[in-house]
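Here's a quick briefing for anyone about to work with this model.

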There are 2 protein chains.
Amino acid sequence: MIFKALALALFALTAPAAWADDLRGTGDLGLIVEREAGSLLVVDRGERAAIGRIEGLGDLSHASLVYSPDERFAYVFGRDGGLTKVDILTQKIVKRVVQGGNSIGGAISDDGKLVAVSNYEPGGVKVFDAETLDLVADVPMGSKTVGIADVPGGRFAVATWDTGEVWLLDHSADPAKPVITKLSGIGANPYDALLTGDGRTYIVGLFGEKGLTAVDLWQDPPKVTRFLPDYGKDQPDLPVYKMPHLQGWTLADGVFALPAVGLHQLLWVDAGSLTEIARTDLAGQPVFATARPDKREIWVNFAPPDNNKVQIVDALTHKVTDTLTPGKGVLHMEFTPRGREVWLSVRDENRVEIRDARTREVLAEIPAKAPSGIFFTDRAHRTGL
Amino acid sequence: MIFKALALALFALTAPAAWADDLRGTGDLGLIVEREAGSLLVVDRGERAAIGRIEGLGDLSHASLVYSPDERFAYVFGRDGGLTKVDILTQKIVKRVVQGGNSIGGAISDDGKLVAVSNYEPGGVKVFDAETLDLVADVPMGSKTVGIADVPGGRFAVATWDTGEVWLLDHSADPAKPVITKLSGIGANPYDALLTGDGRTYIVGLFGEKGLTAVDLWQDPPKVTRFLPDYGKDQPDLPVYKMPHLQGWTLADGVFALPAVGLHQLLWVDAGSLTEIARTDLAGQPVFATARPDKREIWVNFAPPDNNKVQIVDALTHKVTDTLTPGKGVLHMEFTPRGREVWLSVRDENRVEIRDARTREVLAEIPAKAPSGIFFTDRAHRTGL
């Protein structure tokens, strides 16, 4: 099985155009970021294989991407401020603009018509036409911005690092002139944020002080709540790259599972009361805590020196049920949409490992150049990704 | 806008092959059942238009369908026992088998490899290879079967009308020889069932007695709980076709919203305790109660004589916030995956109406022959649909 996948992958990579003109569905495709090579590996979930590579995307460290609603195009946000639109069917770059000096993420509107990018340099948010990548709106905010997300109703939410605010941009009436709602007093130096899958709660992580901030977007005006007052870094000189990404949080059955900053623990927080209800001891400093799509299990990967491991925690009992050692540098885990498989980036071994998400059995491997983020096209249909 | 959509639709329908060989993503396509014509209208969400029609599917009354993981193929379950595989890219029937005398629904396994059909005649469940439609397993159950659903882990759940059981078929080890778990004492004459989106809870509606039954599939063995002892039909001669489909239920934020049988009410049930927490008075007998994807609103359609209306209920306040009158015979509502639009089948007016799901504004209309079910391809990625 593994050899077959490798053979298929090698064949496809030497002749990526062979299939590119074939008619095919796009629901089971995906892209894997090869950060140092500045390329994207195109993968087919059904074949468990790589079927091509798109090159020339610039600096892809910390790169992320979003998909168009038809699951054909991806918008890639590079650290170098590049915004690149790629076509996964033809495996080509459609357009590339360098829109800022240092971008850290983006989002696509719920109608698929606008792509927004948040920037460290020059700060603020720029909004582009998803078809042409023409600039539609430029919103300076007097600050670096982080954690941009698509909010239902043609809106975006973003947090400001320098001023401790959350901005809501409503593009539903006029894309070029968003109606802006500013929420202040969020806390010192937001470093990341996440939007829950229903688009209701925007959670902001703080670097400048302890605690987190939740914004309930269903209230009018949105309601700001500080919670977990002891959550955060203990040492003032702890570097930013050790802070767990908030996108690694998971909301399962009314409970958040989140990586404890700097501790070998997973925290369980009641989503209604925003109070801690349990802790689970782990094998290292957690980075991502990702729920299997059925929400029964939380899969956790780790910062060095434990980044060769993955631990699995039962959502009902909060107990570790399994410890896997896929290999050196497990950077990311992506589940297939209905949770039958999980794909793991094993960066330092230049491969992606595919496991049955229930038996944990290794089903296949795909060679990849120092792979990091794995993104399946079903993300096109989900809010906040 | 409406005229443009109609023009596009008419053009496309006279020349459906014109685009069929073009490369395109399949994430924003869909199929609309034209029940009396025995055909499927192929639609493009992005264009808000019909782009073709697939004919020759037999009796499509109460037809439903599921999608392959790549969102290219659909499996259509007809009332006449027909199982038809269609290709939405080429707009052709790939294969059609008449597998039973009277089938009422089907499901596709979480790896996309097996398609299961539940039958009134001859009863039981038949399981087919999704690629070839060859029979893989035939599981007689000594009963008509209803409410089949895909359970995570290569499993199917189904309820038996005559014997009041729930059967779990686990195909994960050997597709041809499912491991069977039988749960008895479910209640008299299950008439329909639903699986929650996380695949945890299988809820069975009863025709032979009052009350409902929930099966917690996370417990080992699965835990059976009877609840809402007053829920159900009041008159022993109430015909089956007045019973609301359980697929019309919605789980939003830990609360089920469900149509009250024979009453002009929506019931709100706490998902944890399975007890009623509120009721909302409605304009008629509800059929479907469907949550907008952000779960903030529940949209309700009605049995005759109120089937020209749609009511919108706020999930926070449980109050009706709007009453729409799209036209005669509103049979089905389907939201776009991130909830920006809702598509409504207006059967008696031979059209599908597209509305902004927030402003309620009519954005476009598509002509269709007595349309009933609307199915967008994003269902491929969701459990229990």
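Let's start with pLDDT, the predictor's confidence in each residue, from 0 to 100. Chain A averages 90 on that scale, and 90% of its residues score at least 70. This is a predicted model, where local features need pLDDT of at least 70 and side-chain atom pairs count only at pLDDT 80 or more, while totals for chains, interfaces and linings use all residues; side-chain values use heavy atoms, with hydrogens and water left out. Residues are numbered from 1 along each chain as its sequence is written, chains are lettered from A and ligands numbered from 1 in the order in which they are written.

**Confidence**
- For the complex, the predictor gives an ipTM of 0.92 and a pTM of 0.93.
- Watch residues 1-20 of chain A: their pLDDT is below 50, yet beyond near neighbours in sequence the stretch has 31 contacts in the model (contact means heavy atoms within 4.5 Å).
- Where pLDDT is low, the predicted coordinates should not be read in detail.

**Interface of chain A and chain B**
- The two chains bury about 3800 Å² between them, 51% of it on carbon and sulfur atoms (buried area is the accessible area, with a 1.4 Å probe, that two parts lose on being put together, summed over both).
- Leu23(A), Trp218(A) and Arg338(A) supply 25% of the area that chain A buries against chain B, more than any other three residues.
- The contact draws 47 residues from chain A and 47 residues from chain B.
- Six salt bridges cross the interface (a side-chain nitrogen of Lys or Arg within 4 Å of a carboxyl oxygen of Asp or Glu).
- One salt bridge joins the side chains of Asp150(A) and Arg338(B), at 2.8 Å from N to O.
- On the side of chain A that touches chain B, the classes come to 10 nonpolar, 12 polar and 25 charged residues (Ala, Val, Leu, Ile, Met, Phe, Trp, Tyr, Cys and Pro count as nonpolar, Asp, Glu, Lys and Arg as charged, and the others, Gly among them, as polar).

**Cavities**
- On a 1 Å grid over the protein atoms alone, a cavity is a set of points where a 1.4 Å probe fits but cannot get out, and lining residues have an atom within 4 Å of a point.
- Arg338(A) lines the largest cavity, together with chain B residues including Val66(B), Tyr67(B) and Asp150(B).
- The second largest cavity holds about 40 Å³, and its lining includes Arg338(B), Val66(A) and Tyr67(A).
- By class, the largest cavity's lining has five nonpolar, no polar and four charged residues, and the second largest cavity's has five nonpolar, no polar and three charged.

Notes. On a 1 Å grid over the protein atoms alone, a cavity is a set of points where a 1.4 Å probe fits but cannot get out, and a pocket is an open set with protein on both sides within 12 Å along at least five of seven lines; lining residues have an atom within 4 Å of a point. Grid points are joined across faces, edges and corners, and a volume is the space filled by probe spheres set on the points.
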